[in-house]
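Thanks for coming. I will take one chain today and go from a single residue out to the whole. Please have a look at it first.

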Amino acid sequence: MDPGDHGVLATEGACYACVPVTLVDGSCPIVDVAMDWHETADKPNVYLYPPRPTVVNVSIAHPERLTADDPTYGDDGWSVTAFPDGRLRTSEGSRDFLFYERSIEVDRFQHEEGFCVPGRQAVAAMEDHLAALGFLPNEIANFQEAWDADLPRAGWMTVYPQTEHLPALRIEPRPDVVLRAWYLVEAGCQPVREPVVTPVERTGFHAAEWGVILDRSLGREPMVIGWPG
């Protein structure tokens, strides 16, 4: 290899905790390469509803694990003007929500409560659960639009709703109510308990986020390559 800075690029286009290695002419460095499996949190949408037009700053934990964002996630996160009807004014134009995707470890999530459904009914089952939690019709419509065509097909699926132990989401000023739900979806029908649903009352400055994590059993190969920094 020629002298200079060299890095690693994963097949999925992402590399986490990676640092370049500088090769000096005549040197022989040793580089340890680690290969890890990561699922991806797909299409989390963040919605903001302040009682009056408000400049809101939003940031996520470990932004180095982002694999997609819209609008562009800046050095300090997103800074937008949010309106009571949910519209967001950003430096890249108007948006209805903040969008991102990120690498995630699924072992942090619960696998005891959920629902087993025929694959063709999985999206509708998640929509029903969103509605029961208190998500708004426009948020559920966005979910349907995002996943009706994109959810992988399987004869049966087990869906594990996640409302705890989600990666930190910081919103300033702090909302009065934050409703978050992600869904871990895997192929096959697993023995699970029916989730306990506690509706959330959306009052004052309220925010919401939904997202989906597709387990590798659905045919994905989310391999990430990198080396320790």
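Ala-141 is partly exposed, because its relative accessible area is 39%, and partly exposed here covers the range between buried, under 20%, and exposed, over 50%, with a 1.4 Å probe and protein chains only. Before I go on: this is a predicted model, where local features need pLDDT of at least 70 and side-chain atom pairs count only at pLDDT 80 or more, while totals for chains, interfaces and linings use all residues. Residues are numbered from 1 along each chain as its sequence is written, and side-chain values use heavy atoms, with hydrogens and water left out.

Ala-141 belongs to helix H2. Helices are DSSP runs of H or I with at least four residues, strands are runs of E with at least two, and both are numbered from the N terminus. From Ala-141 to Glu-127 is 14 residues in sequence and 8.6 Å in space, C-alpha to C-alpha.

Glu-127 takes us to helix H1, where Glu-127 is one of the buried residues, along with Ala-122, Val-123, Ala-125, Met-126, His-129, Leu-130 and Leu-133. What do the buried residues of H1 pack against? They pack against helix H2 (137–147) and strands E11 (115–118), E12 (156–162), E14 (177–187) and E15 (206–214), where contact means heavy atoms within 4.5 Å.

Now the length of H1. The expected span is 1.5 Å times one less than the number of residues, so the twelve residues of H1, 122–133, should span 16 Å, and the end C-alpha atoms, 17 Å apart, agree with that. Just after H1, Gly-134 has a positive phi of about 120 degrees.

Next, the sheet. It is open, with seven strands in the order E6-E10-E4-E15-E14-E12-E11 and mixed pairing; two strands pair if DSSP finds at least two bridges between them. E6 (66–70) and E11 are the edge strands, each pairing on one side only. H1 packs on this sheet, touching E11, E12, E14 and E15, and its direction makes about 160 degrees with that of E14. Such angles run from 0 to 180 degrees between N-to-C directions, with axes fitted to C-alpha atoms, for helices over the stretch in contact.

Elsewhere in the sheet, E4 (residues 39–49) and E10 (residues 98–104) run antiparallel and are joined by five bridges. Ala-41 stands opposite Arg-102 in E10.

Finally, the whole chain: it has two helices and 16 strands, and buried residues make up 46% of its 229 residues.
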